[in-house]
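I opened the model today and kept notes as I went. Here is what I looked up, entry by entry.

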Amino acid sequence: MILVHYVYIIYSPSHDLYYKGYTTDFKQRLAAHNNKESRYTAEKGHWELKYLEAFDLKSDALKREKMLKRQNRSYLTWLFLQPSNILDSVG
């Protein structure tokens, strides 16, 4: 079994806030955010998955996550429309 490493961006409409993270199971991780199992996101409302990118290597995913954490909102808005966003293809 090949393990896929994901970088994701979620959005809280109630707080107008983006959160960027890393996981190997994005569906479970989104559920954890929405079930208040993550300290930072627990009290910030319902979260929506906006961006998902897959990597073969954990190190590459972690580098990408670190880079995304430094980006501004206009870059994120642009990024959501790029082919690297595999959100529509994974369901």
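Which ring does Lys44 lie over? I found Lys44 over the face of Tyr40, at 4.3 Å from the ring centre. For a charge to sit over a ring, NZ of Lys or CZ of Arg must be within 6 Å of the ring centre and within 35 degrees of the ring normal. Lys69 lies over the face of Tyr19, at 5.4 Å from the ring centre.

**Ground rules.** I'm looking at a predicted model, where local features need pLDDT of at least 70 and side-chain atom pairs count only at pLDDT 80 or more, while totals for chains, interfaces and linings use all residues. Residues are numbered from 1 along each chain as its sequence is written, and side-chain values use heavy atoms, with hydrogens and water left out.

**Rings.** I looked up the aromatic pairs and got eight. Tyr19 and Trp47 have ring centres 6.4 Å apart and planes at 65°, so I wrote them down as edge-to-face. That pair links distant parts of the chain, with Tyr19 in strand β2 (residues 17–23) and Trp47 in the loop between α1 (26–34) and β3 (48–55), 28 residues apart. The rule I used: rings of Phe, Tyr and Trp (its six-membered ring) pair if their centres lie within 6.5 Å; planes under 30 degrees apart are stacked, over 60 edge-to-face, and the rest tilted. Helices (H or I, at least four residues) and strands (E, at least two) are DSSP runs, numbered from the N terminus.

Are these two residues, Tyr19 and Trp47, buried or exposed? Tyr19 is buried at 17% relative accessible area, and Trp47 is buried at 1%. Buried means under 20% relative accessible area, exposed over 50%, and partly exposed in between (1.4 Å probe, protein chains only). Tyr8, Tyr19, Tyr40 and Trp47 form one aromatic cluster.

**Strand β1.** Next I checked β1 (5–12). Eight of its eight residues are buried, so β1 is largely enclosed by the rest of the structure. In a regular strand the side chains alternate between the two faces of the sheet. In β1, one side has His5, Val7, Ile9 and Tyr11, the other has Tyr6, Tyr8, Ile10 and Ser12, and all are buried.

Which strands join β1? Seven bridges join β1 to β3, antiparallel, and seven join β1 to β2, also antiparallel. Strands pair if DSSP finds at least two bridges between them. Tyr6 has Ala54 in β3 as its bridge partner, and Tyr8 stands opposite Gly21 in β2.

I then picked His5, which is buried at 8%. Its side chain makes a polar contact with the side chain of Tyr22 at 2.6 Å. (That is a pair of N or O atoms within 3.5 Å; within protein, one must be able to donate a hydrogen and the other to accept it, and residues adjacent in sequence count only if both atoms are side-chain atoms.)

**Positive phi.** Asp16 has a positive phi of about 50° although it is not a glycine. I found Asp16 in the hairpin of β1 and β2, which has four residues between the strands. Asp16 is partly exposed at 42%. Just after α1, Lys36 takes a positive phi of about 60°, and Lys36 is exposed at 53%.

**Helix α1.** Phe26, Ala32 and His33 are buried in α1. Seen down the axis, the buried residues fall within an arc of 120°, so they line one face of the helix. That arc is taken from the directions from the helix axis to the C-beta atoms.
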